[in-house]
Amino acid sequence: MGLFFTKPDEKLMQQWQQQPKELDKPWRDFSWGQKEALKENLKNFSTSHPDVNHVKILVAGQIGAGKSSFINSVDSAFQGRITSRALVNASDGYSHSFTQILKGFSIRSGGKKLPFVFKDIMGLEPDVLAGSQTEDIINALYGHVKDGYKFNQEQALRYNDQQYNCEPNLSDQCFCLVYVIAADTVQFTDDRLIDKLRIIRQRISEKGIPQVIVMTKVDEACPQVKNDLRKIYKSKKIKEKMELCSAKVGVPMSQIFPVKNYHNEIDTNDETDVLILKAVEQIVQIANDRLEDSEIY
């Protein structure tokens with residue numbers, strides 16, 4: 001029996017090919033020449049509370065999304081060279097989180113330690129007994145988890161554990177949670193993982209802790225952006241990915257920042273740096289606003 005193939009509808013094919021993959025104008029205003037101004041602003045940043053010298057920001061995300069790579073990219077943007085202080089897994093397949101302990105990373109610029117710290121945590125996984133536990137993430141935000149704590153996938157940290165801080169002060173607490181989500185796979189994110197994020201979001205919202213999304217791997221999600229990073233806010237695909245992130249997690253578009261992490265580069269570049277620095281500026285300001293309101297909660 002012969003095989004019969006239906007000839008594609010030429011009109012439909014033509015319409016599909018003519019669909020705009022690039023918008024006529026950027027949907028978000030962005031100045032590509034603000035790199036040095038952003039660096040200067042962040043160097044001169046000071047916390048809004050006299051008892052807190054460094055604003056702490058917790059970075060969470062699914063394994064393989066580029067969580068630790070984002071921290072390294074922030075450090076690289078300030079250092080002007082590629083750094084790798086937060087260890088990352090270079091293998092193609094990610095079965096389990098490479099980050100096993102809670103660790104804070106200070107950012108330096110010109111020998112000066114800047115007044116904000118990114119805390120790296122074990123990656124999230126869909127299964128109940130896999131990756132970082134939701135309670136550990138919530139407790140880390142509230143300052144109950146001491147640096148150096150080794151995560152246990154089967155059981156969250158308990159109040160009677162040696163690594164549990166029963167009476168955290170403001171300096172121990174984190175004032176913003178950053179979700180790192182990969183643009184190229186956001187549409188395939190397991191619903192069980194989204195449920196974990198929603199549980200965390202609901203719990204910490206009660207305490208007024210803000211959440212933002214850093215959307216990584218934009219170059220892998222859109223060929224136009226891979227060829228020219230400056231097209232990121234003219235890319236229809238990137239905008240759709242961000243809208244999907246917002247709908248899934250519940251974070252507004254104004255608090256979603258698309259970036260490209262440094263991955264295989266050996267030198268930094270202005271386009272990658274400015275996107276990262278703008279995200280950091282917004283994150284730090286959001287965290288500092290929450291610190292200023294700390295007495296309310």
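Is Cys 176 buried or exposed? Cys 176 is buried, with a relative accessible area of 0%; buried stands for under 20% relative accessible area, exposed for over 50%, and partly exposed for the range in between (1.4 Å probe, protein chains only). The model is predicted: local features need pLDDT of at least 70, side-chain atom pairs count only at pLDDT 80 or more, and totals for chains, interfaces and linings use all residues. Residues are numbered from 1 along each chain as its sequence is written, and side-chain values use heavy atoms, with hydrogens and water left out.

**View 1. Cysteines without a disulfide.** The whole structure holds zero disulfides, a disulfide being a pair of cysteine sulfur atoms within 2.5 Å. For Cys 176, the closest cysteine sulfur is that of Cys 174, 9.3 Å away and therefore too far for a bond. Cys 222 is also a buried residue, at 1% relative accessibility.

**View 2. The ring pair of Trp 27 and Tyr 233.** Seven aromatic pairs are found in the whole structure. Rings of Phe, Tyr and Trp (its six-membered ring) pair if their centres lie within 6.5 Å; planes under 30 degrees apart are stacked, over 60 edge-to-face, and the rest tilted. Trp 27 and Tyr 233 form an edge-to-face pair, because their ring centres are 5.5 Å apart and their planes stand at 80°. Trp 27 is in the loop between helix H1 (10-18) and helix H2 (35-43), and Tyr 233 in the loop between helix H7 (223-227) and helix H8 (236-249), so the pair ties together parts 206 residues apart in sequence. Helices (H or I, at least four residues) and strands (E, at least two) are DSSP runs, numbered from the N terminus. Trp 27 is partly exposed at 24%, whereas Tyr 233 is buried at 6%.

**View 3. The ring pair of Phe 70 and Phe 118.** This pair is edge-to-face, with 6.2 Å centre to centre and 85° between the planes. Phe 70 belongs to helix H3 (residues 67-79) and Phe 118 to strand S3 (residues 112-120), 48 residues apart. Relative accessible area is 0% for Phe 70 and 0% for Phe 118. Ring pairs join Phe 45, Phe 70, Phe 78, Phe 116 and Phe 118 in a cluster.

**View 4. Helix H3.** Twelve of the 13 residues of H3 are buried, including Lys 67, Asn 72, Asp 75 and Phe 78. Just after H3, Gly 80 has a positive phi of about 75°.
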